[in-house]
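Hi,

Here is the model I promised to pass on.

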Amino acid sequence: MNTQGEILWVDDEVESLKSQILFLKNKGYSVTSVTNGYDALELLKEKIVDVVLLDESMPGITGLETLAKIKEIRPTLPVVMVTKNEAENIMEEALGSQITDYLIKPVNPNQVLLSLKKIMDSKRLVSEKTTVAYQQEFRNLFMALSGNPNHEEWKELYKKLVYWELEIGKSDSAEMLEVLQSQKAEANTEFYKYVSKNYLNWIKDNGKNGPLLSHRLFETKVAPHLKQGESTFLVVIDNLRFDHWKAFQNIISESFRILEEDMYYSILPTATQYCRNAIFAGLMPIEIEKYFPMEWKNDDEDGGKNLYEEKFMANQLRHLKLDKLRWQYVKITNNDDARSLEDNIHNYLQNDLTVIVYNFVDMLSHARTEMEVLKELAGDEISYRSLVQSWFEHSPLFRGLKKIADKNIKLFITTDHGSQKVKTASKCVGDRQTTTNLRYKHGRNLQYEARDVFVVKDPKQAGLPTPNVSSTFIFAKEDVFLCYPNNYNYYVNYYKNTFQHGGISLEEMIIPIIKLESK
């Protein structure tokens, strides 16, 4: 019984290949041989094979002609060209016709075997190698988790977990992915404990002893690189996780050189109106409310929550004594905005600083909750990541950036918060003023499962406004989402396995800040 694969070997000197064919059969391959292209094409109409070994020089119909016709019948069928001719134009034509590999005659049986293994077993071999490597790393990650990591070590730990998630995702090993997801869940449990214990001290110290937080991101990471007469772009992609960045890193690095890949911590709640306003204002939300009482809106107030980022940015630039810079704020919330950005990108080169807020990934996560077709397309972490990668690769944003990649510019890519795939429902009761967000809530008379949330009874301690007297904030841990008892089962089923933000998890809080430059 064939265990390795079905091979079709097409060669007019098939008699001389008996030893090679026997060798392959002994290695577990099933080999069918024909002496010309016509017979090969007839056979391929009837029979499914895994690889074709195709002689380039045959009487009647040549190897290249046969190859073209094979691709008409079976476009994805791997073909290995076997040739006596090393002429460059032959190879270019063959490669242009999508051959998978080529061998030069006389062929050694082991050469053929290696080529077949490369084509047919590469995924399995990569999977095995990845599995062994992760098994070795598993203990190191476990030890790091047990070692009471600090905020910098948590960044490194999360980076490693994302690395293995991407590697195991490529290898298609469901068992290993399950082990990794279990380890990631354990990491999120410990991370929640760490944040709950230290967060209020980070706010009290204003970032002196803790991690870099949202409100100090611009001042610390971007401002020192700004100069008059030099063009810098700051692109804030809403709701972009670190693993999303890693998914399209190779795409953007074809056009730009990555100078620094770092991460910072989003403030709580990990929600746009808090985090992104903090980035632009250079202030915690409680300070934004103090200095901009007309512009700040709490969750329970009507009106847009992120309408004044440009005003906040102008104030921060004044505070940092950078108000002499020529700068511009551009917000992309729909396809027309995106096309306009792509068409006008060269005009922004006149600025010292161009700030671009791009709202696609956040819209994608919300649409995925509400639209069945997107639930199918982004059913799990791997497909969600793939969707973000595909969006970036084909987006007006990337097309625009490529247009100016040959100019002397600096480029920063960052985000305001990430998202977490929620799985565990937790009951929460509040009055009419209680917010509707699934990963955090604030209100006066909240009732909740204490084990599932980080509670801040005095919002000022967390740098947050107090919407009402005796308002309490609660932040969901790990993969918990907060549901009211009314229609409980309906909402649990509706929101389970959706991507949400506002709470405490590695995915929401530890997020990318990338510095790039033109190549």
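Among contacts in the chain (heavy atoms within 4.5 Å) between residues at least 6 apart in sequence, 74% join residues at least 24 apart. Bear in mind that this is a predicted model, where local features need pLDDT of at least 70 and side-chain atom pairs count only at pLDDT 80 or more, while totals for chains, interfaces and linings use all residues. Residues are numbered from 1 along each chain as its sequence is written, and side-chain values use heavy atoms, with hydrogens and water left out.

Some overall numbers. The C-alpha trace spans about 90 × 55 × 40 Å along its principal axes. The chain has 519 residues, and 53% of them count as buried (buried is under 20% relative accessible area, exposed is over 50%, partly exposed is in between, with a 1.4 Å probe and protein chains only). It holds 19 helices and 19 strands; these are DSSP runs numbered from the N terminus, helices being H or I with at least four residues and strands E with at least two.

Now the helix packing. Helix H9 (residues 242-252) packs on helix H16 (residues 381-394) at an angle of about 35°, and their axes are 9 Å apart. For the record, axes are lines fitted to C-alpha atoms, for helices over the stretch in contact, and angles run from 0 to 180 degrees between N-to-C directions. On the H9 side the contact uses Asp243, His244, Ala247, Phe248, Ile251 and Ile252, and on the H16 side Tyr384, Arg385, Val388, Gln389, Phe392 and Glu393. By class that is seven nonpolar, two polar and three charged residues. The classes are simple: Ala, Val, Leu, Ile, Met, Phe, Trp, Tyr, Cys and Pro are nonpolar, Asp, Glu, Lys and Arg are charged, and the others, Gly among them, are polar. H9 itself is mostly covered, with nine of its eleven residues buried, including Trp245 and Gln249.

A second pair is helix H10 (residues 272-281) with helix H12 (residues 309-319): their axes come within 7 Å and cross at roughly 35°. H10 brings Arg276, Asn277, Ile279, Phe280 and Ala281 to this contact, and H12 brings Glu309, Phe312, Met313 and Gln316.

The search ran on a 1 Å grid over the protein atoms alone: a cavity is a set of points where a 1.4 Å probe fits but cannot get out, a pocket is an open set with protein on both sides within 12 Å along at least five of seven lines, and lining residues have an atom within 4 Å of a point. Points are joined across faces, edges and corners, and a volume is the space filled by probe spheres set on the points.

There is one cavity of 30 Å³ or more, and the largest cavity has a volume of about 30 Å³. Leu217, Phe218, Val222, Leu234, Val236, Ile279 and Thr414 line it. Helix H8 (217-222) and strand E6 (231-237) each give two or more of those residues, with H8 giving the most, three. The lining of this cavity is six nonpolar, one polar and no charged residues.

The second largest pocket has a volume of about 400 Å³. Its lining counts 20 residues, and Gln181, Ala185, Glu381, Gln420 and Lys423 lie nearest its centre. Helix H7 (174-205), H16 and strand E11 (420-421) each supply at least two lining residues, and the largest share, six, comes from H7. This pocket lining has eleven charged, five polar and four nonpolar residues.

Most residues other than glycine have a negative phi, and most peptide bonds are trans. A cis peptide bond joins Lys105 and Pro106, with omega about -5°, and Pro106 is in the loop between strand E5 (101-104) and helix H5 (109-146). Leu268 to Pro269 is also cis, omega near -10°; Pro269 is in the loop between strand E7 (256-265) and H10. Lys321 has a positive phi, near 60°, in the loop between H12 and strand E8 (327-332), and counts as exposed at 71% relative accessibility. Asn497 has phi near 70° and is partly exposed, with a relative accessible area of 31%.

Cheers
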